[in-house]
Amino acid sequence: MNFLQEKREALGRSLDEMAAACDCSWGLLEALECGDFPTTHPNIAARIARAYGLNLKEYNQIVPEARR
């Protein structure tokens, strides 16, 4: 379990609920949570960060280094 899954579960929300809140697919969130797809576009990451309550360090973990 990575930090995204821990945050989501602490919020008591499902992947479907978070996907709706982030305006992205549950598949992307699942891939980020499992580490299958470790980064995403900064705009999508910003929506995820708001919904999950991420800090800057956590946001940077889901954005490619070249796009931070």
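Select Glu58 first. Leaving out residues up to four places away in sequence, Glu58 touches Phe3, Lys7 and Gly53. Touching, or contact, means heavy atoms within 4.5 Å.

Before moving on, know what is on screen. This is a predicted model, in which local features need pLDDT of at least 70, side-chain atom pairs count only at pLDDT 80 or more, and totals for chains, interfaces and linings use all residues. Residues are numbered from 1 along each chain as its sequence is written, and side-chain values use heavy atoms, with hydrogens and water left out.

**Stop 1: Glu58**

Stay on Glu58. It sits in helix 5, residues 56–61. Helices here are DSSP runs (H or I, at least four residues), strands are E runs of at least two, and both are numbered from the N terminus. Is Glu58 buried or exposed? Glu58 counts as buried, because its relative accessibility is 13%. The cut-offs are these: buried is under 20% relative accessible area, exposed is over 50%, and partly exposed is in between (1.4 Å probe, protein chains only).

Now show the side chain of Lys7. The side chains of Glu58 and Lys7 make a polar contact at 3.2 Å. A polar contact is a pair of N or O atoms within 3.5 Å; within protein, one must be able to donate a hydrogen and the other to accept it, and residues adjacent in sequence count only if both atoms are side-chain atoms.

**Stop 2: the whole protein**

Zoom out and colour by secondary structure. How many helices and strands are there? The protein has five helices and zero strands. The radius of gyration is 11 Å, close to the 11 Å that the globule rule gives for 68 residues, so the protein is as compact as a globular protein of that length. That radius is taken over C-alpha atoms, and the rule is 2.2 Å times the number of residues to the power 0.38.

Switch to the C-alpha trace. Along its principal axes it spans about 30 × 20 × 20 Å. Of the 68 residues, 37% count as buried. Take the contacts between residues at least 6 apart in sequence: 45% of them join residues at least 24 apart.

**Stop 3: helix 2**

Select residues 15–22. This is helix 2, and its buried residues are Leu15, Met18, Ala19 and Cys22. Look down the helix axis: these buried residues fall within an arc of 105 degrees, so they line one face of the helix. The arc is that of the directions from the helix axis to the C-beta atoms. An α-helix has 3.6 residues a turn, so residues three or four places apart point the same way.

Turn to the face away from the buried side. There you find the exposed residues Asp16 and Ala20. The buried residues of helix 2 pack against helix 1 (3–11), helix 3 (26–34) and helix 4 (42–52). Then step off the end of helix 2 to Asp23, which has a positive phi, near 55 degrees.

**Stop 4: Arg8**

Go to helix 1 and pick Arg8. Arg8 is buried, with a relative accessible area of 10%. Which residues does Arg8 contact, leaving aside neighbours within four places in sequence? They are Arg13, Ser14, Leu15, Met18, Glu33 and Tyr52.

**Stop 5: helix 4**

Select helix 4. Its buried residues are Pro42, Ala45, Ile48, Ala49, Ala51 and Tyr52. Their cover includes helix 1, helix 2, helix 3 and helix 5.

Pick Ala49. It is buried, at 12% relative accessible area. Beyond its neighbours within four places in sequence, Ala49 contacts Leu54 and Tyr59.

Now pick Ile44, also in helix 4. Ile44 is partly exposed, with a relative accessible area of 22%. With neighbours within four places set aside, Ile44 is in contact with Cys24 and Leu28.

The residue that follows helix 4 is Gly53, with a positive phi near 75 degrees.

**Stop 6: the core**

Finish inside. The largest nonpolar core has 19 residues, and those touching the most other members are Leu4, Cys22, Leu29, Ile48, Tyr52, Leu54 and Ile62. A nonpolar core is a set of buried Ala, Val, Leu, Ile, Met, Phe, Trp, Tyr and Cys residues joined through side-chain atoms within 4.5 Å. Which helix gives the most to this core? Helix 4 does, with five residues.

Last, centre on Ile48. Apart from neighbours within four places in sequence, Ile48 contacts Leu4, Cys22, Leu29, Leu32, Thr40, Leu54 and Ile62.
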